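Welcome, and please open your viewer.

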Amino acid sequence: MEEKRLEYEAREKAIRDYNQLMFEAKQNGWKEGRKEGREEGIQVMIFDNLEEGISKEKILKKLQKRFSLTAEKAANYYEKFAENDYSTKNISNQN
């Protein structure tokens, strides 16, 4: 009887462990998805403002306001998406 109880407890523990692992994986997936979506929104905002001929300084202020970014983080995103992206340079040169 003791052996059956130990098997049952081991099975229950394995199920709990599996469920916890799946829960954590799902949470991490959601977190990554939100992060990617946020970055995509920032990128689109930068591209859209560049197409409109908006100055770098004004774009940085908008990023800080709309996405609650520090000045440093806004500048990092601007550099990442605007200054290092060939297609963006083409867009801004067309204006």
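**Before you start**

This is a predicted model, in which local features need pLDDT of at least 70 and side-chain atom pairs count only at pLDDT 80 or more, while totals for chains, interfaces and linings use all residues. Residues are numbered from 1 along each chain as its sequence is written, and side-chain values use heavy atoms, with hydrogens and water left out.

**Stop 1: the whole protein**

Colour by secondary structure and you will find 4 helices and 0 strands. Along the sequence the pattern reads α-α-α-α. Helices (H or I, at least four residues) and strands (E, at least two) are DSSP runs, numbered from the N terminus. Of the 95 residues, 19% count as buried; buried means under 20% relative accessible area, exposed over 50%, and partly exposed in between (1.4 Å probe, protein chains only).

**Stop 2: helix 1 and helix 2**

Select residues 2-51 for helix 1 and residues 56-67 for helix 2. Their axes come within 11 Å and cross at roughly 150°. Axes are lines fitted to C-alpha atoms, for helices over the stretch in contact, and angles run from 0 to 180 degrees between N-to-C directions. Helix 1 and helix 2 are therefore roughly antiparallel (angles under 35 degrees count as roughly parallel, over 145 as roughly antiparallel, 65 to 115 as roughly perpendicular and the rest as oblique).

Now show the side chains of the contact: from helix 1 they include Ile42, Ile46 and Leu50, and from helix 2 they include Ile59 and Leu63. Contact means heavy atoms within 4.5 Å. By class, this contact has 7 nonpolar, 2 polar and 3 charged residues. Here Ala, Val, Leu, Ile, Met, Phe, Trp, Tyr, Cys and Pro count as nonpolar, Asp, Glu, Lys and Arg as charged, and the others, Gly among them, as polar.

**Stop 3: helix 3**

Next, select 71-83, which is helix 3. Which residues of helix 3 are buried? They are Ala74, Tyr77, Tyr78, Phe81 and Ala82. Look down the axis of helix 3: these buried residues fall within an arc of 105°, so they line one face of the helix. The arc is that of the directions from the helix axis to the C-beta atoms.

Turn to the pairing with helix 1, where the two helices pack at an angle of about 65° with their axes 10 Å apart. Glu39, Ile42, Gln43, Ile46, Phe47 and Leu50 of helix 1 meet Tyr77, Tyr78, Lys80, Phe81 and Ala82 of helix 3. These divide into 8 nonpolar, 1 polar and 2 charged residues.

**Stop 4: helix 2 against helix 3**

The axes of helix 2 and helix 3 come within 9 Å and cross at roughly 120°. The two helices are therefore oblique to each other. Among the residues in contact are Leu60 and Gln64 of helix 2, with Ala71 and Ala74 of helix 3.

Zoom in on glutamine 64, which counts as partly exposed at 29% relative accessibility. Leaving aside neighbours within four places in sequence, glutamine 64 touches Leu69, Thr70, Ala71 and Ala74. The C-alpha atoms of glutamine 64 and alanine 74 are separated by 6.1 Å, although the two are 10 residues apart along the chain.

**Stop 5: serine 68**

Finish in the loop between helix 2 and helix 3, where serine 68 lies. Is serine 68 buried or exposed? Serine 68 is exposed, with a relative accessible area of 66%. Its phi is near 50°, a positive value in a residue other than glycine. Most residues other than glycine have a negative phi.
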